[in-house]
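Below are a few points I jotted down while going through it, for you to check against your own view.

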Amino acid sequence: MSQDLQLAIHAAKQAGEIIREAYGVVKETKRKGLNDYVTATDIKAEKIVVDILKQTGYSILGEESGTTDNQTSKKWIIDPIDGTTNFIRGIPFFALSIALLEDDKNLILGVVCDPITNECYWAERNEGAYLNGQKIHVSDRSDFDGSLILIEHNRSERGKRDYLDASTELILNKTVLLRQGSTALMLCYLARGSAEAFLSSGDELYDFAGGLIIAKEAGAIISDWKGQPWNNSSSYVLASNPEMRDNILDKISKIQK
């Protein structure tokens with residue numbers, strides 16, 4: 001485990017304690033946009049993470065604090081609470097997500113911690129994916145019938161339309177679709193074999209970066225909806241176990257424009 005990964009895990013756990021203590025007693029919320037909120041806990045947790053990670057000297061992109069550009073090839077990507085709406089409403093499905101990105105396209109490591117269950121996922125490039133120190137792997141289910149696909153969409157009108165089109169195609173194949181409200185955590189559930197795929201019409205980078213490398217290191221194939229490798233230039237993300245990937249692409253590849 002690299003020093004960067006150790007530091008990211010430490011930062012996530014420190015901030016996770018603050019989030020866990022605040023859960024259920026949220027008082028201050030601010031609306032940033034349609035169904036997009038921030039709480040004092042988001043800001044406090046992100047500051048803890050930033051204060052710990054800034055010792056590396058890398059650039060930092062935080063959902064709440066914006067970008068600190070240190071002119072480095074590596075950049076920390078931080079989402080203090082992915083699933084803030086769930087957090088506010090007392091739904092225990094949200095997580096803190098940290099990723100390290102190189103040259104704006106290559107994910108080096110990711111950490112996603114669920115402060116309610118005390119489950120911490122992490123992965124490092126070419127080193128596998130882990131949940132609380134135990135190696136995890138995607139499922140091997142190959143049949144649409146009874147498979148579970150986790151799904152999310154961004155807030156744009158186009159994103160919503162494409163999300164609905166993809167959902168319709170997959171439901172017709174008896175697939176169970178589930179939207180849970182935390183992209184980072186849904187990708188980790190894919191990584192642990194609890195679902196067969198994750199489909200998004202484009203969240204922000206800080207929503208999915210940490211979970212994406214965890215899913216990849218657990219055996220998922222990452223691409224856009226046309227099957228092209230993910231490189232941070234597309235707003236469409238498909239993460240799937242190898243057995244389901246081609247079948248899913250066959251249903252959705254024409255939806256992405």
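The numbered points below go through strands, cysteines, a pocket and a sheet in this predicted model.

1. Let me begin with β6, residues 95-102. Eight of its eight residues are buried, so this strand is largely enclosed by the rest of the structure. Both of its faces are covered: A95, S97, A99 and L101 are buried on one side, and L96, I98, L100 and E102 on the other.

2. β5 (residues 74-82) pairs with β6 in the antiparallel sense over seven bridges, and K75 has L101 of β6 as its bridge partner. β7 is joined to β6 by seven bridges, and these two strands also run antiparallel. Here I98 stands opposite V111 of β7.

3. β6 and β7 make a hairpin with three residues between them, and D103 in the turn has a positive phi of about 55°.

4. Now the cysteines. How many disulfides does a search of the whole structure find? The search gives one: C113 with C120, whose sulfur atoms are 2.3 Å apart. Both C113 and C120 are buried. C188 is itself buried, with a relative accessible area of 0%.

5. The second largest pocket has a volume of about 260 Å³. Its lining consists of 13 residues, and K105, N106, L107, K216 and W230 lie nearest the centre. Which elements supply at least two residues each to this lining? They are β7 (106-114) and α6 (205-217), and α6 gives the largest share, with four residues.

6. Last, the five-stranded sheet. The order is β12-β11-β13-β15-β14, the sheet is open, and the pairing is mixed. Its edge strands, β12 (176-178) and β14 (221-223), each pair on one side only. On average, neighbouring strands are turned by 20° against each other, direction ignored. Within the sheet, β11 (residues 148-152) and β13 (residues 197-200) run parallel and are joined by four bridges; E152 has S200 in β13 as its bridge partner.

Methods
Residues are numbered from 1 along each chain as its sequence is written. This is a predicted model: local features need pLDDT of at least 70, side-chain atom pairs count only at pLDDT 80 or more; totals for chains, interfaces and linings use all residues. Side-chain values use heavy atoms; hydrogens and water are left out. Two strands pair if DSSP finds at least two bridges between them. Axes are lines fitted to C-alpha atoms, for helices over the stretch in contact, and angles run from 0 to 180 degrees between N-to-C directions. On a 1 Å grid over the protein atoms alone, a cavity is a set of points where a 1.4 Å probe fits but cannot get out, and a pocket is an open set with protein on both sides within 12 Å along at least five of seven lines; lining residues have an atom within 4 Å of a point. Grid points are joined across faces, edges and corners, and a volume is the space filled by probe spheres set on the points. A disulfide is a pair of cysteine sulfur atoms within 2.5 Å. Buried means under 20% relative accessible area, exposed over 50%, partly exposed in between (1.4 Å probe, protein chains only).
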